[in-house]
Amino acid sequence: MSGSRYTKMSSQVIEKMENELAFKGSCQDLPLSSSYEAAMEALSSLITRQKRGDRTPVGGKFGKLERMSIYLRILGLEEKISGLKVIHVAGTKGKGSTCAFCEAILRECGFRTGLFTSPHLIDVSERFRLDGLDVSEDKFLIYFWDCWSQLKENVSEDLPMPPLFQFLTILAFKIFISEQVDVAIIEVGLGGKKDSTNVIKEPVVCGITSLGLDHMEALGNTLGEIASHKAGIFKPQIPAFTVPQLSEAMDVLEETAGGLMVPLQVAVPLDIQRWGGDTLSLSGDHQLVNAGLAVSLCKCWLQRTGNWEKLLEKKQDEVAAGLELPPAFVRGLSTARLSGRAQIVHDTPLMFNGSADTSENSGELTFYLDGAHSPESMEACARWFSGATKANKTSTPLSSPPSTSFNVLNMKSFWGNGCLNYENDCVQSSNKMSKQILLFNCMDVRDPQILLPRLVNICGSSGTHFSKALFVPSVSTYNKVTSGTSVITSDIPTTRDLSWQYNLQRIWEKIIHGKDVSLDKSSKMDSVDSLPPHELLYQDISHCSPTDRNFACSAVMPSLPLTIKWLRDCVKENPSLRLQVLVTGSLHLVGDVLKLLRR
Ligand SMILES: Nc1ncnc2c1ncn2[C@@H]1O[C@H](COP(=O)(O)OP(=O)(O)OP(=O)(O)O)[C@@H](O)[C@H]1O
């Protein structure tokens, strides 16, 4: 097998290089207005914000999927989509991770992969991956303006330009078709039945990840209703896989599958003792569930496309008997990446010459980033953070980036028997005092009264207590698509409304103290000058109890750049301090922090 595979790959590589060159040539002809910033402006104009509960169609007389078909027809893509060999994934939690695992596995199997995920954290190009890499700016611009101008020429009152997500979905199809990917892995945006991606008529296989209560304003108030939306991606007789679900959800999935003669199977979570690799590249117990689903989806995809047999050449008997995963699967599961999900970034202070200061002159600052924003994911995030801070070991500094844009720490697994030894090693190897800090924001459509207690309880039950919770507004806004290179300034608009952050703070203090508390001055921000003093972090406030009365375990921070600076100053001032900062509640916040940490 390997001989033919490598011949195939090397000719693919040459072809790819030729294509890249052809692209560079054609991009020189682009008008100035076709710059990346102009594309971001154009995308921003597609953002439609509907009031909560407003179900009126966004525009035009056609239904959403009907419009999607019309747009695709205009672009000459409607027929071609049926040529894509799609893995279509819906679910409440774990879609992005499952898709990332699938992509890495099938790429390791030697296929040209296309991956469409949402949302993006820093730059919109993250949503479109070709062969594991974000689409290049050149390619993005070519395909973007091609779709944009053709659609613009054809819009009318009855057929307005598509809203943002619909346009991005169309663009994904355009890119994957033009780039002739072998497999297109497509993550549903919201729900399933009515999602823009559901124009896919005949995927190779469908997946439904863990179901929970999220986006209820659009999908309904019960797990059953939500499951019904997600099962809307099932297609007659096309195999589907899901993960273990609560019976209320599973019953609906089974019923829908039955009606469409869909063979629906439950994928077993990956057995960490037996999977044949060292660590999964995406951390957290919940990733075992996502990885198990990805394995089933990829195996099914390989079988249905006539490629499974070729993989069995090595270790044939064990793999065939289901005792072992093919080596390419193990490699994929060990290397898949997805920013902002259980990601650890070690922030190394810079010296005057700009190089990383790895001496003992400064304390340690490590960011633990996870964009959890639903109750279930907050629990998963809390479990991961508690385990990861205990297993904390030196990670690679962000100032010396590896081949990918971000620095994902390949942590030793904190599951299984290796865990204790690893923890002990760490404790002995460091004489720094560890403090856990929470950096939190969430959208006002989320319920912090549900999210924050889950975080505190799960962390607390494993002995992790936050010394301080910082509530901060996100920088990015929902009415603008910005490029990854756009600059985040530290300026604070004088008009910034921090009432949501004060609300979060009040809820936090109530959870910690068990009752309403009146907050003292150090936790109120009247201006930048009233940033809390650094010493607040050194005080032992990790066990705030009801008897601590007015002792604020939290602060509202006026801006994110200032918060990062404040944290950096804290560790600079105190070399014996190790700050472990959990950033969560919003993927926007996580993206903003990642952007700021790149310096
Ligand atoms: N199987 C799971 N069960 C519970 N929580 C999970 C699971 N998988 C991921 N999570 C949590 O959800 C967050 C988002 O993960 P991921 O991007 O894989 O899911 P998603 O379905 O694409 O979510 P989103 O819709 O928020 O983008 C993770 O950071 C983690 O906190």
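Helices (H or I, at least four residues) and strands (E, at least two) are DSSP runs, numbered from the N terminus. The structure on screen is a predicted model, in which local features need pLDDT of at least 70 and side-chain atom pairs count only at pLDDT 80 or more, while totals for chains, interfaces and linings use all residues. Residues are numbered from 1 along each chain as its sequence is written.

Begin by colouring domain 1 (16-44 + 56-335) and domain 2 (343-499 + 557-597) separately, with bounds that come from an automatic or database domain assignment.

Next, select the ligand, around which there are 19 residues, the closest being Gly94, Lys95, Gly96, Ser97 and Ser377; a residue counts as near if its C-beta atom, placed from the backbone, lies within 6 Å of the molecule. Select helix α15 (375-390), which provides the largest share of the shell, four residues.

Now move to the open sheet of six strands, which has mixed pairing and the order β9-β10-β14-β11-β12-β13; two strands pair if DSSP finds at least two bridges between them. Strands β9 (343-347) and β13 (554-556) stand at the edges with a single partner strand each, so one side of each has no neighbour in the sheet.

Finally, select helix α21 (residues 587-597), which lies across β9, β10 and β14 and runs at about 145° to β10. Here contact requires C-beta atoms, placed from the backbone, within 7 Å, and axes are lines fitted to C-alpha atoms, for helices over the stretch in contact, with angles from 0 to 180 degrees between N-to-C directions.

Technical notes. Two residues are in contact if their C-beta atoms, placed from the backbone, lie within 7 Å.
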